[in-house]
Amino acid sequence: MNTPPPQEATQAPLRRLRGLGPQRSAELEKIGLKTVADLLYYLPRRYLDRTTIVKCRDVRENLEATVVGKISSMRLTSFGRRPRFELVLADGTGFLRCVFFNKASVWPKIFSKGENVAFHGKITFYDGYTMVHPDFDKLGEEGEARFLHTGTIIPLYRSSEVLSKVGLDSRGFRRILRVAVDDFAPKLSDPLPEGLRQRYHLITLAEAVAHAHFPESEDMLKRATARLKFDELFFLEVFLAFRKAAQETEEKGIEFTNVGERTWQLVEKLPFKLTEAQRKVLREIRADMKVPQPMHRLLQGDVGSGKTVVALITMLMAVENGYQAALMAPTEILAEQHFITSRKFLEDLGIKVILLIGKQKKSERETLLADIAEGRANVVIGTHAIIEGNVAFQKLGLVVIDEQHRFGVMQRAALREKGWRPDVLVMTATPIPRTLSMTLYGDLEVSVIDEMPAGRQPIVTAWRPGSARQQIYNFVHKEVRNGAQAYIVFPLVEETEKSDLAAATESYEHLRRSLMFRDLPIALLHGRLKSADKEAVMAAFKAGETQILVATTVIEVGVDVPNATIMVIEHAERFGLTQLHQLRGRVGRGTKKSFCILIADPAQKENGEDLSAETRRRLETMVATNDGFRISEVDLELRGPGEFFGTRQHGLPELQVADIVKDAKILFAARDEAFALVRQDPQLKKAENAAIREHLLKQYKDRLEFVHIG
Ligand code: ADP
Ligand code: MG
């Protein structure tokens with residue numbers, strides 16, 4: 001960029017807005033709203049209008065609804081053990097109960113009797129129709145409630161306690177936005193060329209922003225939203241197109257020209273034949289490695305599909321060309337296991353493999369670091385310990401990242417920085433629906449292992465209540481007596497959750513001493529154990545000396561003991577769907593029939609609530625299918641793309657208006673347009689694209705530093 005972008009009127013600081021004092025603009029600045037444009041993009045989180053409001057007499061179970069009325073009564077009770085706050089809303093057609101468990105005692109101060117409020121949430125049926133922990137918006141005395149009768153659509157804004165104190169509750173936002181929209185929206189220049197707008201029947205940006213805040217009609221609201229979604233996805237895709245183009249024209253990386261003897265020797269030595277799918281992805285990887293452009297490839301394959309051996313062969317190809325290779329895994333247990341596997345296959349081919357993890361002794365670590373720096377170590381396997389500052393490679397040519405979704409974008413970049421334009425292979429077991437991989441990995445090539453090794457039997461999965469525990473353990477006992485190995489997993493959401501750890505340890509002690517298990521080899525594994533102890537426990541289980549492994553989620557990813565055939569998951573309701581699938585993937589890795597038993601009580605007696613519909617759906621999905629792709633789709637549907645994929649992890653902006661799944665059609669259009677644009681005008685130098693370029697530079701400033709644009 002040679003000339004700075006013209007200062008647009010909407011770039012004016014917020015305090016220039018009519019009627020907005022220094023106190024309020026300071027508070028707004030704290031939430032990131034600095035300019036008028038920032039405020040204009042502070043979009044309503046929801047709208048209220050006659051057509052979206054459900055009357056009390058029409059509520060149904062499981063309906064996501066907005067109900068508007070007056071609070072007719074409220075009370076704080078501590079019925080049972082858990083205090084709760086309840087209020088009753090009346091709207092002239094009936095009543096609805098709202099219940100709050102968390103911080104029950106603060107709610108009486110927030111609401112008052114007679115107040116007009118809109119509640120949003122899912123209707124459950126529990127002794128009458130109820131909303132548990134609904135979202136809410138307080139409505140003005142009579143004003144807004146009356147407005148609704150005239151058919152106006154009322155925008156509702158996100159606020160906070162602090163903002164409300166300075167008058168910026170939803171209504172306060174509405175007032176300042178009225179001014180901002182009237183005075184400034186017409187001055188928003190439109191980055192999209194007219195031709196593009198016409199192709200997709202998009203209204204102008206000025207119109208879209210105005211109608212997003214104060215829609216004239218349902219229809220205009222739809223069109224405003226469509227335009228804003230298009231923009232969001234279009235610029236994201238332009239950014240990705242740039243990044244991809246930048247990679248393609250990047251200075252040369254490494255050409256790995258030979259596939260040497262040893263690669264073939266390794267393939268010969270494997271105790272199994274590679275599947276056709278593994279061969280296919282290896283051919284794709286090979287083609288990338290041969291050419292000078294650095295490889296950026298995502299290897300996708302369901303749990304147990306055999307990604308590790310692909311990584312091994314890939315690393316060997318790098319080593320045979322005189323380079324070092326590094327493999328980073330998210331847990332010590334997994335790194336350790338990869339280390340053992342790699343050593344087994346690579347060491348007698350004359351390749352030195354070392355393990356680098358956090359807890360190694362200083363002297364040991366120094367030797368390892370010297371081996372890496374001086375090139376004696378050909379393959380380095382480790383945890384994030386590999387990316388620490390003092391780790392320097394002599395000649396790193398290939399980087400492999402296992403379970404890549406467990407790492408942040410910076411960690412992955414840090415590993416790449418250890419080499420000079422190394423080839424990069426990232427691996428994941430979470431199959432990503434096409435729409436997502438397109439958006440999030442628009443610049444990565446994707447290889448898929450879409451076939452399981454021969455002889456695998458589907459895992460039989462069952463969901464049983466806690467009352468069946470005795471029966472389940474009888475089954476485990478019988479199988480283990482016959483030589484099987486079993487995992488029993490307890491939830492430990494955070495390694496720091498003391499109570500969870502205590503529960504897991506206690507259950508372990510209980511099992512170990514129980515009549516049934518005391519004659520069987522059983523061990524406990526959790527993240528707090530010392531590295532050496534973890535290692536010893538895993539090694540004993542792997543060797544079959546221990547037959548029952550009571551564990552926390554430390555075994556969630558990667559652990560590979562083909563003889564283990566039973567997975568019991570306690571409190572299965574506390575795990576996410578992808579997590580359950582990963583855990584289940586610890587069994588069914590050999591040719592023997594495997595079982596996964598999920599223990600979860602349909603009625604959670606503790607607080608009188610049933611399992612939520614969502615939790616049931618998770619458990620039922622696990623029982624219904626072994627297909628990781630299907631599971632991932634349901635998970636995405638249940639959690640939404642933000643949660644599911646933590647977009648921030650990928651170094652991409654959080655989407656504000658668009659939904660990658662629901663707006664797939666817009667996404668595809670935006671992508672086609674964006675990639676075509678960058679193909680025709682790679683630097684966006686043409687006059688008609690100046691506005692796009694400017695907008696992109698503004699929005700993606702920080703991220704574009706990685707991409708040499710301009
Ligand atoms: P994941 O893709 O989940 O990382 P792994 O690489 O751990 O899976 O492989 C799972 C198991 O399958 C391992 O025990 C591995 O040795 C075995 N395996 C890999 N490829 C094959 C194959 N082609 N035939 C038979 N077994 C295989
Ligand atoms: Mg793996």
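**The surroundings of ligand 1**

Mentor: Ligand 1 is surrounded by 17 residues, and the closest of them are Gly304, Lys307, Thr308, Arg456 and Asp560. The model is a predicted one, and every value below is computed from it. By class, the shell around ligand 1 divides into 5 nonpolar, 6 polar and 6 charged residues.

An N or O atom in the side chain of aspartate 560 is 2.8 Å from an oxygen atom of ligand 1. In arginine 589, a polar side-chain atom lies 2.9 Å from an oxygen atom of the ligand. Serine 305 contributes through its backbone instead: an N or O atom there lies 3.4 Å from an oxygen atom of ligand 1. On its own, ligand 1 has 560 Å² of accessible area, and the protein covers 86% of that area.

Glycine 322 follows the helix and has a positive phi, near 85°.

Most residues other than glycine have a negative phi. Asparagine 62 has a phi near 70°, and its place is in the loop between β1 (46-48) and β2 (64-77). Leucine 684 has a phi near 50° and sits in the loop between α23 (664-680) and α24 (690-699). As to cover, asparagine 62 counts as partly exposed because its relative accessibility is 42%, whereas leucine 684 counts as buried because its value is 1%.

Two further loop residues show what such positions can touch. Phenylalanine 111 lies in the loop between α3 (107-110) and β5 (116-125), and its relative accessibility is 2%, so it counts as buried. Leaving aside neighbours within four places in sequence, phenylalanine 111 is in contact with Ile71, Met74, Phe85, Leu87, Phe100, Val117, Phe119, Phe136 and Lys138. Phenylalanine 111 and lysine 138, one of these partners, are 27 residues apart in sequence and 8.8 Å apart in space, C-alpha to C-alpha.

Proline 83 lies in the loop between β2 and β3 (84-90). Its relative accessible area is 39%, so proline 83 is partly exposed. With neighbours within four places again set aside, proline 83 is in contact with Thr77, Ser78, Phe101 and Ala104. Asparagine 102 is 19 residues from proline 83 in sequence and 8.4 Å from it in space, C-alpha to C-alpha.

For the protein as a whole, the secondary structure comes to 25 helices and 21 strands. The protein has 710 residues, of which 54% are buried. Among contacts between residues at least 6 apart in sequence, 73% join residues at least 24 apart. The accessible surface comes to about 32,900 Å², and carbon and sulfur atoms account for 51% of it.

Definitions and conventions: Residues numbered from 1 in each chain as written. Chains lettered and ligands numbered in written order. Predicted model: local features only at pLDDT ≥ 70, side-chain atom pairs only at ≥ 80, totals over all residues. Heavy atoms only, no water. Helix = DSSP H or I, 4+ residues; strand = E, 2+ residues; numbered from the N terminus. Buried < 20%, exposed > 50% of the residue type's maximum accessible area, 1.4 Å probe, protein only. Contact = heavy atoms within 4.5 Å. Areas by Shrake-Rupley, 256 points an atom, 1.4 Å probe, with all protein chains shown as cover. Near = heavy atom within 4 Å. Polar contact = N/O pair within 3.5 Å; in protein donor to acceptor, adjacent residues only side chain to side chain. Nonpolar A, V, L, I, M, F, W, Y, C, P; charged D, E, K, R; others polar.
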